[in-house]
Amino acid sequence: MALVHETARAELNAQRQGSASTLTRGEVAMTGAKAFRQKGTGRARSGPLSVSHKYGGGVAFGPKPRSYVVKVNRKARKKALRAALSVHAQRGSLAICDPAAYDEPSTKTAVEALAGFGQGRALIVVGADDTNCAKSFRNIKGTWVLPADNVGVADVIGAARLILTPAALEFLTGVAS
């Protein structure tokens, strides 16, 4: 389970944009000169106005653009995907959908198929040629459809129900082995 957690966290971190940025005191559009002279004004000593504790000054230790990508080894990713799929198989929340039943897109047929298969979010994983099956399921609330080559561990563990087409099952077992 620690490996599944590490892999899912790495996948979700890789999706982060990482574009948050603030201006430091060197980047703020202000003069670098002292606000007023050192002596003779009756006020406290003052340096530049671009310091972080002055209004309009730069931010100290603020965020800068960066990448959140964390590397997970290939064998560890495979093992985590195997573990996530096996948990669904043990719970009985894994089903195989026959794409031949969807010779044309039919959301009504897809809703009927889902009705007898528990509650919660459903992930439908389809193969490259299962477009009618994907179109049938994609408009149902609480379901999301992904092609088999885009499925990650975070997607599998985030779903309460997992529905695969035979082509997707073959692809995932090939990836996980």
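## Burial and basis of the model

A residue is called buried when its relative accessible area is under 20%, exposed when it is over 50%, and partly exposed in between, with a 1.4 Å probe and protein chains only. By that criterion, 32% of the 177 residues of the chain count as buried.

This is a predicted model, in which local features need pLDDT of at least 70 and side-chain atom pairs count only at pLDDT 80 or more, while totals for chains, interfaces and linings use all residues. Residues are numbered from 1 along each chain as its sequence is written, and side-chain values use heavy atoms, with hydrogens and water left out.

## Elements and overall dimensions

The chain holds six helices and four strands, which follow one another from the N terminus as α-α-β-α-β-α-β-α-β-α; helices (H or I, at least four residues) and strands (E, at least two) are DSSP runs, numbered from the N terminus.

The radius of gyration of the chain is 27 Å, whereas a compact globule of 177 residues would have a value near 16 Å; the radius is taken over C-alpha atoms, and the globule rule is 2.2 Å times the number of residues to the power 0.38. Along its principal axes, the C-alpha trace spans about 90 × 35 × 25 Å. Among contacts (heavy atoms within 4.5 Å) with a separation of 6 or more, 70% join residues 24 or more positions apart.

## Surface and charge

The accessible surface of the chain, from the Shrake-Rupley method with a 1.4 Å probe, comes to about 11400 Å², and 54% of this area belongs to carbon and sulfur atoms. The chain carries 25 positive and 12 negative charges, whose mean positions are 26 Å apart. Lys and Arg count as positive and Asp and Glu as negative, without His and the chain ends, and each charge is placed at NZ of Lys, CZ of Arg, CG of Asp or CD of Glu.

## Serine 136

Serine 136 belongs to helix α4 (residues 131-137) and counts as buried because its relative accessibility is 0%. Its side chain reaches the backbone nitrogen of serine 106 at 2.9 Å, and a polar atom of the side chain of serine 136 lies 2.8 Å from the backbone oxygen of asparagine 132. Beyond its neighbours within four places in sequence, serine 136 is in contact with Tyr102, Glu104, Pro105, Ser106, Thr107 and Ala110.

## Phenylalanine 61

Phenylalanine 61 is placed in the loop between α1 (2-14) and α2 (74-91). Although phenylalanine 61 is not a glycine, it has a positive phi of about 60°, and it counts as exposed because its relative accessible area is 87%.

Technical notes. Polar contact = N/O pair within 3.5 Å; in protein donor to acceptor, adjacent residues only side chain to side chain.
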